[in-house]
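Please read them with the coordinates open.

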Amino acid sequence: MDFLYIVFKYNIDNTFKEKYMQRPWNKTPLPVYSLVTCSQENIYNMNICTYVVPISMQPKRYMIALDPTTKTYENFSQSTKAVLQILS
């Protein structure tokens, strides 16, 4: 209680607020990716992924954790192409 009272009473500068008063749900500690896959009927599906790990530099390869009950997993297992895009 005292900490919040001091912040609002004395109107501490924006640098302090930006550093210490951020909401944890507004920040992601990991990069966020979008994964686009296509079905055999040419229907596209996009999924948001956070479990993406680079595993090699040459050639560039990534390991992606997918839930096996999703359409993304079904499309990905039936095709050789997908688009992985970093969002943050």
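The points below go from the whole chain to the sheet, then to single residues.

1. Basis. This is a predicted model, in which local features need pLDDT of at least 70, side-chain atom pairs count only at pLDDT 80 or more, and totals for chains, interfaces and linings use all residues. Numbering starts from 1 along each chain as its sequence is written, and side-chain values use heavy atoms, with hydrogens and water left out.

2. Overall make-up. The chain has 3 helices and 5 strands. Helices (H or I, at least four residues) and strands (E, at least two) are DSSP runs, numbered from the N terminus. The order from the N terminus is α-α-β-β-β-β-α-β. Of contacts with a separation of 6 or more, 42% join residues 24 or more positions apart; contact means heavy atoms within 4.5 Å.

3. Surface and burial. Areas come from the Shrake-Rupley method with a 1.4 Å probe; for residues, only the protein chains shown count as cover. Buried residues make up 16% of the 88 residues. Buried means under 20% relative accessible area, exposed over 50%, and partly exposed in between.

4. The sheet. Three strands form an open sheet in the order S2-S1-S5, with antiparallel pairing. Strands S2 (44-49) and S5 (83-86) are the edges, each pairing on one side only. The twist averages 20° from one strand to the next. Two strands pair if DSSP finds at least two bridges between them.

5. Strand pairs. S1 (residues 33-38) and S5 share 4 bridges, and Leu35 stands opposite Leu84 in S5. S1 and S2 are joined by 6 bridges, with Tyr33 opposite Cys49 in S2. The hairpin of S1 and S2 has 5 residues between the strands, and there Asn42 takes a positive phi near 60°.

6. Thr72. Is this residue buried or exposed? Thr72 is buried, because its relative accessible area is 2%. Thr72 belongs to helix H3 (residues 71-78). Not counting residues up to four places away in sequence, Thr72 touches Leu35, Thr37, Asn45, Asn47 and Leu66.

7. Nonpolar patch. Val53, Ile55 and Met63 make a nonpolar surface patch of about 290 Å². Patch residues have over 30% relative accessible area and no salt bridge; like charges are joined within 9 Å, nonpolar side chains (Val, Leu, Ile, Met, Phe, Trp, Tyr) within 5 Å. A salt bridge is a side-chain nitrogen of Lys or Arg within 4 Å of a carboxyl oxygen of Asp or Glu. Ile55, in strand S3 (residues 52-56), is exposed at 53% relative accessible area.

Terms used
Buried < 20%, exposed > 50% of the residue type's maximum accessible area, 1.4 Å probe, protein only. Axes fitted to C-alpha atoms, helices over the stretch in contact; angles between N-to-C directions.
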